[in-house]
Amino acid sequence: MSGTPARTADAATAAEVVCLGESMVTFLPSRPGRLADVPSFGRGIGGAESNVACALAAAGHRAAWVSRVGADGFGDHLVEAVAGYGVDTSAVQRDPARPTGIYFRTATDRAADVHEVAYYRAGSAASAMSPDNVPYEALFAGRVLHLSGITAALSAGCLALLRDLTAPRPGRPLISFDVNHRPGLWRDADAAPEVLLDLARRSDLVFVGEDEAEEAWGVKGAEAIRAALPEPGVLVVKRGSDGATVFSDTGEAYDVTTVPALRVDIVAPVGAGDAFAAGFLSATLRELPVRERVRHGHLMAAAVLTVPGDLTDPPARAHADALAALDAEAWGRLRLGPGWTGDDQEVRTT
């Protein structure tokens with residue numbers, strides 16, 4: 001099936017998925033409210049690509065994270081925390097001249113008008129990544145190389161790196177690209193849409209939200225997004241509460257698979273997109289049918305949505321497989337709340 005990564009001779013020891021991108025130390029609010037009013041913050045980690053790597057490792061896959069961090073305490077914490085999930089961090093480089101990025105955020109949804117994020121990442125170690133200083137042998141060691149549009153926004157060197165990694169070349173791993181349009185990160189916001197479109201069109205598997213596609217490219221609806229992105233073998237259009245639609249290239253045309261979203265009692269609306277990508281990639285590595293790939297994406301997202309932070313342990317594979325195999329009526333009756341991933345928890349239906 002299109003979108004399934006090829007196996008290599010050393011598949012038993014090599015990383016299945018390599019994720020490249022900046023991770024930062026995240027300061028999470030002790031209570032809701034404006035950043036000016038929050039009295040204290042708890043420390044965590046955040047980064048789209050490292051989130052995907054952590055979720056995949058927690059789900060039993062061999063995942064690696066490649067990046068640069070400062071030679072500082074925050075860099076120590078990041079590397080130790082990501083490695084704590086079982087991720088290979090051996091290719092993460094330390095930069096003695098630049099700091100590790102950090103950011104503070106409010107507890108509200110990113111899409112809400114009152115949501116605030118204060119980034120302290122300008123001039124960070126990760127922003128200095130370029131084709132000249134990133135270990136390509138580590139990036140191409142896996143079956144899948146996962147990238148995102150966030151990296152492209154960080155600097156000219158980071159953009160050059162992504163353009164080089166998405167260029168056609170013999171033996172290239174499957175390139176997974178999450179558009180992750182973040183207008184506030186771009187110095188030239190007007191250039192972002194064209195850059196992201198170009199990177200997506202050079203990739204094999206693309207994740208994009210229906211809302212961000214409209215914001216970036218002015219296209220509405222899954223079919224219009226596919227028309228704008230005809231090249232990727234697999235295009236996953238995330239449609240919020242309406243679920244997700246996947247376009248899979250069959251050679252002569254494409255198959256269209258739409259899977260409804262789950263009903264979830266949300267604790268914190270952060271990290272769901274990264275978790276969805278991890279769930280979809282996990283099922284792709286296992287060569288499951290497209291419907292099950294999307295359902296595993298929804299289930300991994302639901303695990304994160306029902307906890308306060310960006311990361312959590314996913315449901316046990318047997319538990320997730322059983323839910324992903326439900327018929328359409330039973331799937332539609334699921335309602336997931338805090339604690340649903342535990343082995344002793346009963347999943348509710350309505």
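Reader: Leaving aside its neighbours within four places in sequence, with which residues is F280 in contact?

Author: The structure is a predicted model. F280 and L299 are the residues with the most contacts inside the largest nonpolar core. Once neighbours within four places in sequence are set aside, F280 is in contact with L205, F207, V234, V236, V246, R293, V294 and G297.

Reader: Are R68 and D95, which meet in a salt bridge, buried or exposed?

Author: The side chains of R68 and D95 approach to 3.1 Å, N to O. A residue is buried when its relative accessible area is under 20%. R68 has 13% relative accessibility and D95 has a relative accessible area of 3%, so R68 counts as buried and D95 is also buried.

Reader: How many residues apart in sequence are the parts that D76 and R94 tie together?

Author: D76 forms a salt bridge with R94, with the closest N and O atoms 2.7 Å apart. Because D76 lies in helix α2 and R94 in strand β6, the pair joins parts of the chain whose separation in sequence is 18 residues.

Reader: Which helix supplies the largest share of the lining of the second largest pocket?

Author: The second largest pocket is lined by 20 residues, of which eleven are nonpolar. Both α4 and α5 supply at least two residues of this lining. The largest share, three residues, comes from α4.

Terms used. Residues are numbered from 1 along each chain as its sequence is written. This is a predicted model: local features need pLDDT of at least 70, side-chain atom pairs count only at pLDDT 80 or more; totals for chains, interfaces and linings use all residues. Side-chain values use heavy atoms; hydrogens and water are left out. A nonpolar core is a set of buried Ala, Val, Leu, Ile, Met, Phe, Trp, Tyr and Cys residues joined through side-chain atoms within 4.5 Å. Buried means under 20% relative accessible area, exposed over 50%, partly exposed in between (1.4 Å probe, protein chains only). Contact means heavy atoms within 4.5 Å. On a 1 Å grid over the protein atoms alone, a cavity is a set of points where a 1.4 Å probe fits but cannot get out, and a pocket is an open set with protein on both sides within 12 Å along at least five of seven lines; lining residues have an atom within 4 Å of a point. Helices (H or I, at least four residues) and strands (E, at least two) are DSSP runs, numbered from the N terminus. Ala, Val, Leu, Ile, Met, Phe, Trp, Tyr, Cys and Pro count as nonpolar, Asp, Glu, Lys and Arg as charged, and the others, Gly among them, as polar. A salt bridge is a side-chain nitrogen of Lys or Arg within 4 Å of a carboxyl oxygen of Asp or Glu.
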